[in-house]
Amino acid sequence: MQREGYSMQQTAPYRDDPTSSNTNPQDYYDRSESGAPVPPTRQFSGIHAHSPFDSSHDLSEPTLRNSTHPLAGQPISDVPYMPVPQPDYQNIEAPRNNDWLEKSQRASKRSRWIVIGSVITLAILVAVGVALGVTLSKKNSNNGSSSSSSDTSGAPAGTNPNDPSNFQKNPALQQAFYGVAYTPLGSQLPECGNNLTEVIEDIQLLSQITTQIRLYGADCNQSSLVLAAIQATKVNMSVYLGNYPAVGDNGTAYERQRGEIQTALQQFGAANVLGVTVGNEFVLDYITAQGQSDPNGSAGQAAAALLIPWINDTRSMLAEMNLGNISVGNADAGSYFNNEVLSAVDYGMSNVHPWFANQSITDAAGWTANFFQTQNVALANTLPNKPKMFIAETGWPTDSSEFNYSPNDGPSIASVPNLQIFIDTFACQATANGTGYFFFEFCDEPWKATTYGGVEGYWGLFDSNKNLKNLTLPNCPP
């Protein structure tokens, strides 16, 4: 980003660089890169109902009183002889207890067969269930394989969590932007908290609002993560990779990120790569550190002497990988392009921010288009190589933190309604007239709000939780 130094209103330069120690509130630095529970197992009780049958009956033969026995209390001699007729047991019906026993035994046999039958039936049902389950499992597996290998499987969106290309679309999102500036959250050294799952989610969202993104740098494996996410989601997305060298480190940052880019291209190929941008506001940083403001002055030339060999080295690396068709470019603040650097690249990317040029929201879109054409496109057309020019950053902030808040930020406040106005007056118009631009930015970056304050953390189209802000996106066909 560039706070000032625009042709219409000269103020101090800005950028978004977390390594800067400049505490002048008039300076701005672009910091985009440096910076259902399982239910318990059912338990079946082993308690059974008591049997209604009682086996305590006396099943012995009845004891007969012997007629020779006296009655109690009488002497034997006084007892008259009273013969007792003996019953004919053959003519007596069997006692009821024997009846019950037979019935009980028959009932027991029936119960036993019922239990045996139930067990057999259950076993049959289990076998059928297992067979059915295996059949369905194989069918689902085959369907899943077909879905993974083809985008025309017909599976409803979002029904296969193992396939990142099968995701639900948000009807509120439209193809509104030529491109979007993007840095995966957590891509700052030394923490490097980014991961593929989050980047896949980002690409799924970004693919619904644009077909192009630009990265600022390559630290924390972000080049590989982005290319892997694009391939996993199978979306229509191309990317400008970035190498963000630092001022004063003798090329350490450049070499480190060069290796990251080379690894990403070796592993994922270049089918989705449009270019590699070497440098982001490097000239601005360098000449500001030297107390100068002319990008073509002595400090600007010294900065160019560092940048151009890195640009050429990147070309050589790509050529050695048989990727010489990939363009190499440079990005800087709108008023800080060095002519020699711009002459050495295939494209230039210019940061053009009406907010930092103190423009009102009603004038912001017109000012942005005019500045870009008169300051950047016009310059490129004077050079022998005539590099293609893009707006690398433009947008409008939606909030400001109290920390480092500036009451003199401009005539129009940072707000979502004003961002809506800027989108409505710039996005489709720029696409229609052929201006290539990258809207700044994908989502809010909380680390900037806490580290730098002001409006720094609030430039996103989405909040930091990846929810679209209260915006209505237009459909801007290319």
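1. Let's start with helix α3 (residues 222–233): at 1.5 Å a residue, its twelve residues should span 16 Å, and the end C-alpha atoms are 16 Å apart, which agrees. The expected span here is 1.5 Å times one less than the number of residues, and helices are DSSP runs of H or I with at least four residues, numbered from the N terminus.

2. A word on the model: it is predicted, local features need pLDDT of at least 70, side-chain atom pairs count only at pLDDT 80 or more, and totals for chains, interfaces and linings use all residues. Residues are numbered from 1 along each chain as its sequence is written, and side-chain values use heavy atoms, with hydrogens and water left out.

3. How much of α3 is buried? Ten of its twelve residues are, so the helix is largely enclosed by the rest of the structure; buried means under 20% relative accessible area with a 1.4 Å probe, protein chains only. Among the buried residues are L225, V226, L227 and I230.

4. The cover over these buried residues includes α2 (196–206), α4 (252–268) and β4 (273–280). Just after α3, K234 has a positive phi of about 60 degrees.

5. Now the α2 partner: the axes of α2 and α3 (lines fitted to C-alpha atoms over the stretch in contact) come within 9 Å and cross at roughly 60 degrees. Residues in contact (heavy atoms within 4.5 Å) include L196, V199 and I203 of α2 and L225, A229 and T233 of α3.

Definitions and conventions
Helices (H or I, at least four residues) and strands (E, at least two) are DSSP runs, numbered from the N terminus. Buried means under 20% relative accessible area, exposed over 50%, partly exposed in between (1.4 Å probe, protein chains only). Axes are lines fitted to C-alpha atoms, for helices over the stretch in contact, and angles run from 0 to 180 degrees between N-to-C directions.
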